[in-house]
Amino acid sequence: MDYIDPHIHMVSRTTDDYETLARMGCVAMSEPAFWAGFDRGSVESFRDYFRQLTEFEPKRAAQFGIQHYTWLCINAKEAENVSLSREVIAMIPEFLSASNVLGIGEIGLNKNTKNESTIFLEHVDLAAKYEQQILIHTPHLEDKYQGTRMILDMLVQDSRIERSRVLVDHVEEHTIGEVLDRGFWAGMTLYPVTKCTPQRAADMIERFGSERLMANSAGDWGPSKPTAIPDLIMELKRRGHSRDLIRKVVFENPRKFFSQSKNFKADALHSESASN
Amino acid sequence: MSESPKPKQRHAEQVLTEEFLLARSKILDLAATIDRLQRADGQVESLEKQELLEQGIKILLDDQGEKAKRVQLLMSRQYNPQWREHYGLH
Ligand SMILES: [Zn+2]
């Protein structure tokens, strides 16, 4: 089945992984900017990273017929460094017209600190000024509930932000309800140990329905599995769910959400998916 | 916005049959973890983690629903609606 992975960090993946994903039905993906496994020292390091995301990765993906999109920001871990964060935020507009940029992301919180919140608000302001969509990272483990509530507080207080253009990722059982109730899109990250299994993601689909809900693999430096979405497809099939329901979660929903960004090429995607 | 109908649910008997072996193996994993803790050398110094595990297990056995959500909330830091004032952010 054709699918879209709306949150996968391909810079940490091999070209073989692109090939495997293509074989498994991945037709498009979006890659939010994130942590490199170490704190970067200067704004130039981010400029090079953004070139990798806007120039190199789309070419690697295209070799296998996959559309590659990206989101730009300085991630929450590095946002503790406020002065560096402000330099990066000031530089981001240079890249907003690159042809695969969908918006600002993945912005969010990590340990829910004051500095992280300050930089989050400055990213939201940047997105509003440039009419960009937003992709949100919510914290992990014991910080997730508190951090998600704080993020929602900051988003709803800014009247410029259209909730239908914001995707809140890494939702779990205790955060999904609030995100959907308030009119945002929600993403479930399928990730061993610290996030959500395909089984629990299928439970959340059964409980909350398929409206404004998607799934992603994260596929980062950690022990993640880039082919996690096909695992979710298998689990939903095993439980007897309809092809329409599965396709809505793994393909139609990300396509509908991304289509709100002018750089998303939904038509090209449609013809690819209609041909097989 | 047109809301999609809620996905259909499997029959209870089917869920139990299909999930039984998986649930059995997870109970065994948990039992073996507690055994491991009990035969380990010395004493646990910070009791907080151990208490969280015990409270989590109690949630599994009580007569209320939303167990996954309640275990998640048990293991979460609390949210203070006044956090912005604490940080001086408005
Ligand atoms: Zn990520």
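This is a predicted model: local features need pLDDT of at least 70, side-chain atom pairs count only at pLDDT 80 or more; totals for chains, interfaces and linings use all residues.
User: Why does the radius of gyration of chain A agree with that of a compact globule?
Analyst: The comparison rests on chain length, because a compact globule with 276 residues would have a radius of gyration near 19 Å. The C-alpha atoms fill a box of roughly 50 × 40 × 35 Å along the principal axes. The value for chain A, which agrees with the globule, is 17 Å.

User: Of the contacts in chain A with a separation of 6 or more, what percentage is accounted for by residues 24 or more positions apart?
Analyst: The secondary structure of chain A comes to ten helices and eight strands, and 64% of its 276 residues count as buried. Among contacts with a separation of 6 or more, residues 24 or more positions apart account for 74%.

User: Which elements of chain A do the buried residues of α8(A) pack against?
Analyst: Helix α8 of chain A covers residues 228–238, and its buried residues include Ile229(A), Leu232(A), Ile233(A) and Leu236(A). An α-helix has 3.6 residues a turn, so residues three or four places apart point the same way. The buried residues of α8(A) pack against β1 (3–5), α7 (198–208), β8 (213–216) and α9 (243–258).

User: Which residue just after α8(A) takes a positive phi?
Analyst: Helix α8 of chain A runs over residues 228–238. Just after this helix, a positive phi of about 85° is taken by Gly240(A).

Conventions
Residues are numbered from 1 along each chain as its sequence is written. Chains are lettered from A and ligands numbered from 1 in the order in which they are written. Side-chain values use heavy atoms; hydrogens and water are left out. Helices (H or I, at least four residues) and strands (E, at least two) are DSSP runs, numbered from the N terminus. The radius of gyration is taken over C-alpha atoms; the globule rule is 2.2 Å times the number of residues to the power 0.38. Buried means under 20% relative accessible area, exposed over 50%, partly exposed in between (1.4 Å probe, protein chains only). Contact means heavy atoms within 4.5 Å.
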